Amino acid sequence: MTAGEGAAHGATLSVRRAGKTFPGGVVALAPTDLDLPAGEILVLLGPSGCGKTTLLRLVAGLAAPDPGGAVLFDGIDVTATPIERRRVGMVFQSYALFPNMTVAENVGYGLKVRGEPRAVRDAEVARLLEMVGLEQLADRPVDRISGGQRQRVALARAIAIRPKILLLDEPLSALDAALRERLRIELAALLRRFAITAIHVTHDQAEAMAIGDRIAVMRDGRIVQRDAPEAIYERPADAFVARFVGTMNRLPGRLVPGATAEVVHFRPEAVTLGPAGTDTIPARVTAATFFGAHRRLSLDVAGHVVEADVPASWRVAVGDSVALTIDPARLHVFPDTDPVTTPSPDAC
Ligand SMILES: Nc1ncnc2c1ncn2[C@@H]1O[C@H](COP(=O)(O)OP(=O)(O)OP(=O)(O)O)[C@@H](O)[C@H]1O
């Protein structure tokens, strides 16, 4: 079998009640269950300190779960198997490439260590370099290529050993914003081409949306929701997820005609502006930002800030009085709505 396009590669992953408590009683990860079919890309998304890296380290074998927890690859318990025998591929924020080696030597390193014959190695390296679009740079030392290219070398190197599971820990976070945005699309396409079982850690929701077949949103050492990106966005499980993924407005229900809950949530695209009527909400425009395809308005609704998206062609100016309608079918009501206790997306 060769790693490449076509059928899914890699193992199924099962995590069974795996938790991690550090000395002093710090619970980095509560007992967690997780199942990944072969070939699925799962993104762990959450604010700093929520246990993403800890979960990744348990899967890699860099740390052992608390007693009672288990990690299984293809149904086989690998909890006691050391990292070097688990066949996991890893890509980190710092690429950890060998600076004195060429691109091709870096990619082929794992195969060499494994004792693969030169011809096999060369053919595999050439194929991987072509897949990541670096065949022209095969003989270039890695300290003379760009950050984005290094990231692709790191990916090709991790995949060369045909890992059962590929683990990516914030692989794009060292790059500048523009490059990160481009590479997230490229990385998503590459991972799909390799069709490899992968866990990708990030705290960037746009990256999570672009890369994940499914996203697990984590908070306080727990997975609070695991779903397809669309479902996470459209049907967030609670106010924390709703506010962590995309923009979510919040208004007292008494201000929204037809709402019965004390607090209601809605996305900017659920708001429409039109002529004032009995069912509209009066507001004033406090900011208008042009985004090319649409315009994002900040509105003052009885002292509350509401973000709304309108077509870019609409000429709306700061200070304008407007009338809002909120699509009742797109109102969310969550149990954890207390404005005092609902955490901000920046805090864990
Ligand atoms: N070796 C350790 N000893 C004690 N506590 C630790 C240790 N490693 C991690 N923690 C704690 O466990 C919690 C989870 O850490 P983890 O690194 O998994 O979070 P994370 O979600 O990956 O964060 P980040 O996005 O900042 O990398 C944090 O509160 C962290 O301080």
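**Ground rules.** I am working with a predicted model, where local features need pLDDT of at least 70, side-chain atom pairs count only at pLDDT 80 or more, and totals for chains, interfaces and linings use all residues. Residues are numbered from 1 along each chain as its sequence is written.

**Ligand shell.** Which residues surround the ligand? I listed Phe-22, Val-26, Ala-28, Gly-46, Ser-48, Gly-49, Cys-50, Gly-51, Lys-52, Thr-53, Thr-54 and His-203. A residue gets in if its C-beta atom, placed from the backbone, lies within 6 Å of the molecule. By class I get four nonpolar, seven polar and one charged residues. (Ala, Val, Leu, Ile, Met, Phe, Trp, Tyr, Cys and Pro count as nonpolar, Asp, Glu, Lys and Arg as charged, and the others, Gly among them, as polar.)

Then I checked which elements contribute. Both β2 (26-36) and α1 (52-60) supply at least two shell residues each, and α1 gives the largest share, three residues. Helices (H or I, at least four residues) and strands (E, at least two) are DSSP runs, numbered from the N terminus.

**α2 on α4.** Next I turned to helix packing, which is described by the angle between the axes and the distance between them. Axes are lines fitted to C-alpha atoms, for helices over the stretch in contact, and angles run from 0 to 180 degrees between N-to-C directions. For α2 (residues 103-113) and α4 (residues 147-160), the axes come within 7 Å and cross at roughly 25°. That makes α2 roughly parallel to α4; angles under 35 degrees count as roughly parallel, over 145 as roughly antiparallel, 65 to 115 as roughly perpendicular and the rest as oblique. On the α2 side I noted contact residues including Val-103, Tyr-109 and Leu-111, and on the α4 side Val-153 and Arg-157 are among them. Contact here means C-beta atoms, placed from the backbone, within 7 Å. The tally for this contact is seven nonpolar, three polar and one charged residues.

**α2 on α3.** Helix α3 (residues 118-131) packs against α2 at about 130°, with the axes 9 Å apart. The two helices are therefore oblique to each other. By class, this contact has seven nonpolar, one polar and three charged residues.

**α3 on α4.** How do α3 and α4 cross? Their axes come within 10 Å, at roughly 135°, so I filed this pair as oblique too. Glu-124, Leu-128 and Leu-129 in α3 meet Ala-156, Ile-159 and Ala-160 in α4. I counted five nonpolar, no polar and one charged residues in that contact.

Technical notes
Two residues are in contact if their C-beta atoms, placed from the backbone, lie within 7 Å.
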